[in-house]
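Reader: I'd like a close look at one part of this model, the salt bridges, and a word on a few spots around them. Could you walk me through it?

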Amino acid sequence: MTARDEAQQDPQEASAPGDGVGRRRFLGYVLAAPTLTVAAQLGEAALAPAPAVAATPALVPSLPGPSEIYDLNDMLTHAALPTANLITIRIDPDGSASFALPRAEVGQGITTSSAMLIAEELDLPLEKVRVTLAPARPELLFNQLTGGSNTTISTFTPIRVAAAVARGRLLRAAALELGELVGSLTAKAGAIVSSATGRSLTYGELAAKAASGTDTAVGVALKKPAEFKVIGTAQRRIDALEAVTGRKKFAMDLQVPGALPTMVCRPPTINGTVRSVDNADEVRAMPGITDVVRISTGVAVRGRTFGQCIDAVRALKVTWGPGTAEGDSDATVLRKLRAAELPLVVPPLPLLTKAVDARFTFHFASNSALETNCAIADVRTDSAEIWASLKSPVVAQEQIALELGLPVGAVKVHVTEGGGSFGRKLFHDAAREAAETSRAMGKPVKLMWHRTDDFRQGRTHPMSTSRVRATYTLGDVLTYEQRHTSVATDFGHGLGEIITSAAARLPVGDLTFSETIFQLTQQSPYHFGVTTQLLSETDKGFNTGSMRNIYSPNVRCAQELVVDELARRTGKDAYAFRRRHLKDERARAVLDKVAEVGEWGRSLPAGMAQGIAVHPEYHSVVAVLAEIDCRPETTGRRIHDAYTGPRVTKVVCAVDVGLAVNPRGLEAQMMGGIIDGIAVTLTSGLHLRDGHFQEGSWDNYFYTRQWNTPPELEIVVMPATSDRPGGAGELAVAGAMAAVACAYGRATGTMPTTFPVNHAEPLGFEPLPTTPPIPASPVDGLDRAF
C-alpha cells in the first residue's frame, strides 16, 4: 500500500486505540479473478468469551469444569481457522454478492444469517446477497462440518472480513473512477455515492474494475456493534417464500438424467445381512422395475416410480442372516448399561451429611427428520457424482472414493438443502448406499429410504442411564457426582474429514473419543462443591448418532430433577435454590427473566405445576419455565389405548447467545428445541424387541403433536452480552426437557426416572410387520415414503 493509498483509506478501516475487539484489524485477500472476488483472513486468533460477572458464591464453590474453560465449540472453531482464507465472496456484474457457504442448510436458517453478515459489511440490501451451499471441498479440512451449534460462531468473523475486503476494494475502485478521495465516498444499498458531487456508481459497474490480476493481501477493520444495521435485527428467512410455495429444491426434487427411483429391501433386525434372494428374476419382471441387485445393506430395486419400487420391495423373498443387535430388547440393553456404570465414590457421612441418590433411564429415540434419508448417485467407471444433504461432505467424498476405488478428485459431491437433520445428516449412509447401488447397476439412481427404514434401520439417539448422587448439609451441596452410561455413540463422521473419522472408529480409541466429546460439552451451572461428571459406554451393535445434541438433554434433565429434590429436602423454593447456587450472572439473568415473565410460583390447581431449568452450552445460556397439566380429566387427547398424556400448557424461554445475529431466527430455533424437549420427555421413544424397533412411522412414534404444543409460548431474546454470537441450535432442547420433567414431577408428586414417561409395555399400538418392513397399504406406503 503506498502512502497515498494509506491517506485515502476508508476511515472505517483505520485502527483506533481503545476501540477494542470491535475495531480490530484483520487480514483478508483480493483474489485473482475477472470480477471482484475476496477471501477471509488467515489464522485469525479465536476470541475468548468475555469473562462472566462474578456471582455471589454458594457456601461450597465448584472449580470450573473442562468445558467451562475450553469446549467443543472452541475446538471446532480453532480447527476451522487454518482454512478460513478459502471462504470467498464474489461481486457479480448485476451488483449482487454470491457466497458458497461451506455448511449444510437443513432448516436452521444459516443461509439467512450468513447473508446478513455479508449485507452488513458490504452495505448491501439483503435481497441482493445470494447464498448457495458449497460442494465437498477436501481442502477445507475441518471447515466444512456442520454440527455442535458451530456454524455462526466459526464463520462470523471470516465472512465479515471477506465482505469488508470487498467493500474496501469497491470504494477504492470508485475513488479512482470518480476522482475522489476514498474518505469522501459512502456506500449504501449497493452503490458508491460521491458526497461532494452526488454522483454514484453501482457495485455491478465497479465489480470488474475492483478485480485483481494477482492475489493481494488487504487489511480491514470491521464495523462496531453500534454501527450494525442488519446484524441483530429480526429478519425473515431468505428462502421463506420458496419453502412455503414448494419451490425449494431438496435432493429428491433434482432431475439428474437417467436417475430413476430406487429403494432397498432391508433386514427385519438391525444390520441383518442377506443370505439369499429367492425371486430376484420374478421381481425384476414386475411392471416398471429395471434392476434388482444385492448390496451390503439389503436388496436394491430400481423402477420408474417409487410406488413400483415399494411393490417390488414388498414382493421380494429374502433369507436374512442375523443382525448386530440380535435378540436384544430394552431390558437386555438396560442390564448391559447398569453393568457398565462407573462407581460413585462419595458416600453420605452419617450424622453429618445427607444425599440425594437417583438413577435415570433414557430410551432410544429417533432423529425424526421430516425428510427421509435420500441421495442421488451416478457412478461411472472412472468417476462418480453424488447429490445429498450432507453435514460432513468431505468425509462422504473421501470414504465413497475409497469404497469405489477412485481418486478423491474423481468423486464430486454436491450438497443439497435438507428437510431437517437433528444430527442425522452428519452421516452419509444414503449417499454411500446410492453410490454402491449405482455401481452395481451401472446406472444413475435416485435412492430414498422408506419412513419405516428411518425408524428401524436409521440413526437413533442411544439408550442411556444417568446415576446421580449429591451430598448436602445445612442447605448447601458439598459434592455432586454424575455417572452417565450410554450405548456407544457413533462419531464416525469425525470432525469433518477422514482422519478423525477413522480415529473415532478405532476399537481402542472410540471411548477416549467419546469421553473427550463428553468432557468438552457437559458442564454444571451450579456451585455444588466437588463436581464430577463421567461417561461410560457399552454395546456398539446399534446405528447411533447425536440428536440435536449428544449427551446434554439427558445429562441436564437428570441434574435438574436432582436440583428440584435438593430444594425440596432443604425446604427451599426451586427457583430460589437455583438462583443461589448459579455460577454466573448470565445464567442468573435468564433464570430471573423466565421466573418474572412466567409468574413463577403462581397458584395452580392440583395436578398442574410449574418446572424451571437452566442450561449453559457453547458460550450461551437458556432458562425455561414450563407448566404442565397432569389432571386425568384434562390431559388432552388419548394417544393410544394404553396412555393418556399430560399436556404442556405454557412455556417461557429466555435465551442469551451473546450477540443474536438474527433474533427472529433465534426465536425459531428455541421454539423447535422446546418442541423437541417436550417430545423426548413425554412421548417420543423407541421400543426395542428381538433385535428391532417396534415403531415404524409417525402414527406410533409420538413426536409432539398439535394437541400437546403449548398454547402459551413466549421466547425472550436477552440484550446482547457480547459482540460475538454463541451457539444456539441445540440449546433449548436440554433446557426444555429438564423444565418439563421437573414440572411433571411437581404435578404428580413423584420424580420421573424413565424417559419418555409414556415408555411402557404392553405397547398401545400394533407394530408394522418386519418382513418386509413396509406397511401393507400402498396408499400408506406412498404417503410414508414421502
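Author: Helices here are DSSP runs of H or I with at least four residues, numbered from the N terminus. Bear in mind that this is a predicted model.

Let's start with R664, which sits in helix α19, spanning residues 663–682. R664 is partly exposed, as its relative accessible area is 43%. Setting aside neighbours within four places in sequence, R664 is in contact with A234, Q235 and R236. In the chain, A234 is 430 residues away from R664, yet their C-alpha atoms are separated by 4.8 Å.

On to the salt bridges. Side chains of opposite charge can pair when their charged atoms come close. The cut-off is a Lys or Arg side-chain nitrogen within 4 Å of a carboxyl oxygen of Asp or Glu, and by that rule the count comes to 44 salt bridges.

Take K583 and E68: their side chains meet in a salt bridge with an N to O distance of 2.8 Å. K583 lies in the loop between α17 (574–581) and α18 (585–597), while E68 belongs to helix α2 (residues 66–69), so this pair ties together parts that are 515 residues apart in sequence.

E565 and R568 both lie in helix α16 (residues 552–569), three residues apart, or about one turn of the helix. Their salt bridge has its closest N and O atoms 2.5 Å apart. Here E565 is buried, with a relative accessible area of 13%, but R568 counts as exposed at 57%.

Other salt bridges share partners, and they join E105, R237, D239, K248 and E417 into one network. Within it, the side chains of D239 and K248 meet in a salt bridge at 2.5 Å, N to O. D239 is buried at 7% relative accessibility, and K248 is buried too, at 9%.

Together with L351 and L352, L349 forms a nonpolar patch on the surface, and the three have about 380 Å² of accessible area together.

Notes: Residues are numbered from 1 along each chain as its sequence is written. This is a predicted model: local features need pLDDT of at least 70, side-chain atom pairs count only at pLDDT 80 or more; totals for chains, interfaces and linings use all residues. Side-chain values use heavy atoms; hydrogens and water are left out. Helices (H or I, at least four residues) and strands (E, at least two) are DSSP runs, numbered from the N terminus. Buried means under 20% relative accessible area, exposed over 50%, partly exposed in between (1.4 Å probe, protein chains only). Contact means heavy atoms within 4.5 Å. Patches are made of residues with over 30% relative accessible area and no salt bridge: like charges are joined within 9 Å, nonpolar side chains (Val, Leu, Ile, Met, Phe, Trp, Tyr) within 5 Å. Accessible areas come from the Shrake-Rupley method with a 1.4 Å probe; for residues, only the protein chains shown count as cover.
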